[in-house]
Amino acid sequence: MPQPATHEFEVEMRVPALPGHETAELVFPTWAPGSYLVRDFVRHVIGLTVSDARGRTLARERLDKQRWRIQTAGRPFVVRYRVFAFEASVRTSFLDDSHGYWNGTSVFFHVAGELARPCRVTVVPPSRAGWHVATALAPVARARNSYAAADFDELVDAPFEIGRHETRAFKVGRTKFELALYGRCNADTGRLVDILRRIVTATGRMFGGFPFDRYLFIVHALPIGSGGLEHRASVTMDIAGLSFEDDAGYRRFADLAAHEFFHAWNVKRIQDAALARVDYTRENYTRLLWLFEGFTDYLAHIIMLRAGVTRERDLYRMLAEDWPKYATRPGRNETPLDELSYEAWIKQYKPSENFINRSVSYYERGFWAGMALDIQMRLATAGRRGLPEMFRRLWERFGRRGRPVDEADVRDAAAAIGGRRFDRFFDRAIRGTDELDLPALWRRAGLEVKARPEWDQRGKPPAERDDVRARRARAWTGIDLHPERMLVRNVVPDSPAWRAGITFGDDIVAVDGARVNPATFARRVGDNKPGTRVAIAYFRRDLLREATLTLAESPARTWTVTADAHAKAGAAAVRAGWLGMARR
Ligand SMILES: [Zn+2]
């Protein structure tokens, strides 16, 4: 990286002699494990040259977008190229005068058929910049900034952070944890480290120890957070650096860290056959992303509770806020979870406007399915065993032994832990599209659950009541607007606006002849009662149109979830086991 401001990494790849092979096939990965989309990283490769050890150019033939056949005569050869690194995400690579970062599949070629060979990387930071290197790979003794990987899989599973990032380290037992924090951040770093320590301790306890000696958290503090990418002994997390102005900022950090760290087991070691043996050149289809992502999302919340990072009331608030979002998604019961997983490559990561109406994320439905299974296992065991114990079993019987899992193994593990089969649940919630009835399960687990129309003020403390406002929130169009512009983001199927023909991208300008903006649209709608006909004027592809629709009553509900003080002893035991209170 001699000129970081150009955003170009200069890469030199030295390949040893491959006796008996007249040609070698150079291959560039097309996707990053953990992020299920063909990304064609090779589009950022420029200036490719291939020469022998004496610098003579070797003949080559391009076979397709990501493969070259090189005439090597079995002798060592050198590949040189540059990578334009200007996408600041966990799964790509980035270089500027403040730091360099890469996720291996976006910078490294491999030689076809030679993935199992050991690799060695030497990083040459810009001269006199004072940059240092953070990676999970083991340093090579007496070789500056050199690191060793057992094979290509390990090489590209260890992202590199190079720059002037802040570093912190701590130990849990004999295992060393490091934090490399890049960017402008208004967090108290000591509190971030405390959160990480609590999260890794609680997770290690769940699995009975750590499957590595050293683990690295690479954290990028950026203008907006975009999530993480998991690896076997490290993670990269892109967070909103200036979002730590209240406790919620730290909770979001803890949630992301808990999710990613759980992946060190679930998906990086507890894997199905499709992900255990990665093909870097094409889609790798798995039917288990509900387990690897949805259940991980769910366990993150249990881990945060056990780590003391959140309290029960935080979980209850999350349930009350997130459940109605899911329970009103029109597409939540259209496609089975195993199918959503399989088609991640073409839907989850390439959503159409209609995704929200006709599909759902396997993270989201998988999250609620995980919670439903956990509660059902608790109900079957008087609160004593559930999803954490199921994962411990999957780890000990499969992950630790390098054996892949499939859905039948998960079903068997649930049965072994829960003391009975849960095939009905798997058939309906994972293979089927049945409604997940979490509120009914919460009640059986000792929670009190209430849902009230948003316009119903009864039961609210008088000081919080606003009858006029509430009454005006009753009329509903079914239009979901872009937050800052008057563009229609979605129209709920079968809603008044849907029936009137309003659709994605319509640019609304007036309600009943009065001009509206993002602040006044809801007010002009609220001037009317449900059942009233209103005229909506909008531009569609720059042509003015008008639709008349009959307002309906808002289906929105305000949920409250609390511990039921009058729960029977059995339900209270289920609750205590579920939320880990018995284990503190
Ligand atoms: Zn994940």
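1. Basis of the note. The model is predicted, with local features requiring pLDDT of at least 70 and side-chain atom pairs counted only at pLDDT 80 or more, whereas totals for chains, interfaces and linings use all residues. Residues are numbered from 1 along each chain as its sequence is written, and side-chain values use heavy atoms, with hydrogens and water left out.

2. The zinc site. The zinc ion is coordinated by NE2 of H259, NE2 of H263 and an OE atom of E293, at 2.0 to 2.1 Å; donors here are N, O and S atoms within 2.8 Å of the metal (3.2 Å for Na, K and Ca), and since water is not among the atoms, sites may look incomplete. Along the sequence the donor residues follow the spacing H-x3-H-x29-E. Because H263 lies in helix 3 (residues 247-263) and E293 in helix 5 (residues 289-306), the pair ties together parts that are 30 residues apart in sequence. Helices (H or I, at least four residues) and strands (E, at least two) are DSSP runs, numbered from the N terminus. H263 and E293 are both buried, where buried means under 20% relative accessible area, exposed over 50%, and partly exposed in between (1.4 Å probe, protein chains only).

3. Helix 2 against helix 3. Two packed helices are described by the angle between their axes and the distance between the axes. For helix 2 (residues 189-207) and helix 3, the axes come within 10 Å and cross at roughly 35°, the axes being lines fitted to C-alpha atoms, for helices over the stretch in contact, with angles running from 0 to 180 degrees between N-to-C directions. The crossing of helix 2 and helix 3 is right-handed, a term used when the near helix is turned clockwise from the far one by less than a right angle, and left-handed if anticlockwise.

4. Two residues with positive phi. Most residues other than glycine have a negative phi. N145, although not a glycine, has a positive phi of about 55°, and its place is in the loop between strand 12 (138-139) and strand 13 (146-149). R541, also not a glycine, has a positive phi near 50°, and this residue is found in the loop between strand 26 (533-540) and strand 27 (543-550). As to accessibility, N145 is buried, with a relative accessible area of 18%, while R541 counts as exposed at 76%.

5. S106. This serine is found in the loop between strand 8 (99-102) and strand 9 (110-111), and it is buried, with a relative accessible area of 4%. The side chain of S106 reaches the backbone oxygen of N103 at 2.9 Å. Not counting residues up to four places away in sequence, S106 touches F28, F41, V83, R91, T92 and S93.

6. G100. In strand 8 itself lies G100, which counts as buried at 0% relative accessibility. G100 and P4 are 96 residues apart in sequence, and their C-alpha atoms are 7.9 Å apart in space. Leaving aside neighbours within four places in sequence, the residues in contact with G100 include F9, W131 and F160.

7. G366 and A429. G366 is in helix 9 (residues 362-380) and is buried, with a relative accessible area of 0%, while A429 is in helix 12 (residues 423-430) and counts as buried at 4%. Leaving aside neighbours within four places in sequence, G366 is in contact with W290, G294, F295, L337 and S361, and A429 touches L337, R365 and L436. G366 and F292 are 74 residues apart in sequence and 9.0 Å apart in space, C-alpha to C-alpha.

8. V491. The place of this valine is in strand 23 (residues 488-491), where V491 counts as buried at 2% relative accessibility. The C-alpha atoms of V491 and G478, 13 residues apart along the chain, are separated by 5.6 Å.

How values were computed:
Polar contact = N/O pair within 3.5 Å; in protein donor to acceptor, adjacent residues only side chain to side chain. Contact = heavy atoms within 4.5 Å.
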